[in-house]
Amino acid sequence: MAEFENSYSLNANNHKVSYTDEGKYGAPVIIFIHGFPFNKSMWNSQIESLTNFCRVIAYDIRGFGDSDNGREEFSIELFTKDLISIMDALKIDKAILCGLSMGGYIALNAIENYPERFSALILSDTSCKADTAEAIEKRIKAIENIRLNGVEKYADESIKKLFAPESFTRKIEAIASVREMIMNTSEKSLCNTLLALSLRKQTCISLCNIKVPVLLMVGMEDIITPPVEGQFMHENIKDSTLKIIEKAGHLSNMENSEEFNYQLRRFVESVHQDSL
Ligand code: MLT
């Protein structure tokens, strides 16, 4: 998968952020937010498919990829402030936001708190709900296991749940690159983020306030945030479209990038048309 050469860094909200900035200056901006525990390279195929008509930004959330951890305790609220601070540093008033899973939790928090900064949302394999008591318990157990058995074991266990069964034969490269992303994440970032995810607040009650167009995409075989989560958000967001991505689990953008990119481009083009 292509690595983008134009990787930059900036300071935002008291930490160093690594980001890529591709495509046309002056064109509408789309910002990609990765899931847990990955990094901005998970969006390479989407970046490539949009650079002809958008300015495309993907960044590493603090503690992931090449971004620093900073000093503050991780939380979805902090990650949202980081996003706004990145937009301010890049002088971006308004953007289309695309987040997968944890990236979607951040996108939902951002539209709730800073609605004027976004013109459209793409929410992929995500949910507006907070963790259940059972999910919190699993996160605590995962933290204990990472501390006891290390990151490699955690990476191998995670991979089993992230992909649709057929991806294990069809998408070997994607699986290897996701494994590498997890392996390159520090134990500290994994544990701090698991805790932050377990403490996150629901955003479901704000869905009815979303005034911008929203595209929801979910892998048909996503067992982490299954299609029913996308369906729930679709029913509660007025101007929303739901696309179920076949041949994909939780990482629908990597497992079926052809369909994902087709839907993404169509949506972004329609948002552009409407804003002309
Ligand atoms: C993700 O992909 O970001 C995670 O699955 C989110 C989560 O564990 O809730």
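The charged end of Arg 200 sits over the ring of Tyr 105, 3.9 Å from its centre, where a charge counts as sitting over a ring if NZ of Lys or CZ of Arg is within 6 Å of the ring centre and within 35 degrees of the ring normal. The charged end of Lys 129 likewise sits over a ring, that of Phe 232, at 4.8 Å from the centre. This is a predicted model, in which local features need pLDDT of at least 70 and side-chain atom pairs count only at pLDDT 80 or more, while totals for chains, interfaces and linings use all residues. Residues are numbered from 1 along each chain as its sequence is written, and side-chain values use heavy atoms, with hydrogens and water left out.

The confidence of the predictor in each residue, pLDDT, runs from 0 to 100; the chain averages 96, and 97% of the residues score at least 70. Helices (H or I, at least four residues) and strands (E, at least two) are DSSP runs, numbered from the N terminus.

Eight strands form an open sheet with mixed pairing, in the order β1-β2-β4-β3-β5-β6-β7-β8, two strands being paired if DSSP finds at least two bridges between them. At its edges lie β1 (7–12) and β8 (240–245), each of which pairs on one side only. Neighbouring strands of this sheet are turned by 20° against each other on average, direction ignored; axes here are lines fitted to C-alpha atoms, for helices over the stretch in contact, and angles run from 0 to 180 degrees between N-to-C directions. Within the sheet, β3 and β5 (residues 95–100) run parallel and are joined by four bridges, and Ile 33 has Gly 99 of β5 as its bridge partner. Helix α2 lies across β1, β2 (15–23), β3, β4, β5 and β6 (118–124), and runs at about 110° to β1, with contact meaning heavy atoms within 4.5 Å.

Rings of Phe, Tyr and Trp (its six-membered ring) pair if their centres lie within 6.5 Å, and planes under 30 degrees apart count as stacked, over 60 as edge-to-face and the rest as tilted. By this rule the count comes to five aromatic pairs. In one of them, the rings of Phe 36 and Phe 64 have centres 6.0 Å apart and planes at 85°, so the pair is edge-to-face. Because Phe 36 lies in the loop between β3 (29–33) and α1 (44–50) and Phe 64 in the loop between β4 (55–59) and α2 (76–89), the pair ties together parts that are 28 residues apart in sequence. Both Phe 36 and Phe 64 are buried, a word that means under 20% relative accessible area, with exposed over 50% and partly exposed in between (1.4 Å probe, protein chains only). Phe 163 and Phe 168 also form an edge-to-face pair, 6.1 Å centre to centre with 75° between the planes; Phe 163 counts as buried at 5% relative accessibility, whereas Phe 168, at 35%, counts as partly exposed.

The backbone also deserves attention. Most residues other than glycine have a negative phi, and most peptide bonds are trans. The peptide bond from Phe 36 to Pro 37, however, is cis, with omega near 0°. Asn 13, in the loop between β1 and β2, has a positive phi of about 45° although it is not a glycine.
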